[in-house]
Amino acid sequence: MIIRVMTMSYRPSIDNVTKAASNDKDGLYEFIVKLVDGTECRVFYHRFPEWRLTNISRLQKTPCPVCRKDFICKCMDSFTGEFERQMSDEQWFDKALAE
Ligand SMILES: [Zn+2]
């Protein structure tokens, strides 16, 4: 029950996005997304026909902000929609690809 409450109250906030890898021809992109709380995630996108998040995983540099584990967990999966919204609204694609 407590974990559920923590999960519901956590909200990722994107601080910076950098491109880690890309295949422009196929529209495949890998970004490293840094959150304001220091969490870093590896995020995969498919560009065509429009930007779509296909996979997200937390880099295990810091404990998970949701479950506090310092090994692999699936918590970030539940924030896929939030990541997609911020990536789009805050135009992180343009910023990351301009570098
Ligand atoms: Zn977790």
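Reader: At what angle does helix H2 (residues 80-89) run to strand S4?

Author: Happy to start there: this is a predicted model, in which local features need pLDDT of at least 70 and side-chain atom pairs pLDDT 80 or more, while totals for chains, interfaces and linings use all residues. Residues are numbered from 1 along each chain as its sequence is written. Helices (H or I, at least four residues) and strands (E, at least two) are DSSP runs numbered from the N terminus, and angles (0 to 180 degrees) are taken between N-to-C directions of axes fitted to C-alpha atoms, for helices over the stretch in contact. H2 lies across S1, S2, S3 (40-46) and S4, and its angle to S4 is about 115 degrees.

Reader: Which strands stand at the edges of the sheet?

Author: The open sheet has four strands in the order S1-S2-S3-S4, with antiparallel pairing; pairing takes at least two DSSP bridges. Each edge strand has a single partner, so one side is left without a neighbour in the sheet: these are S1 (14-23) and S4 (52-58).

Reader: Which residue of S2 stands opposite Val 17?

Author: S1 and S2 (residues 28-35) pair in the antiparallel sense over eight bridges. Opposite Val 17 stands Val 33.

Reader: Is Cys 64 buried, exposed or partly exposed?

Author: Cys 64 sits in the loop between S4 and H2. Beyond four places in sequence, its contacts (C-beta atoms, placed from the backbone, within 7 Å) are Arg 58, Lys 69, Cys 73 and Cys 75. Buried needs 20 or more other C-beta atoms within 10 Å, exposed 12 or fewer, and partly exposed lies in between. Cys 64 has 18 such neighbours, so it counts as partly exposed.

How values were computed. Two residues are in contact if their C-beta atoms, placed from the backbone, lie within 7 Å.
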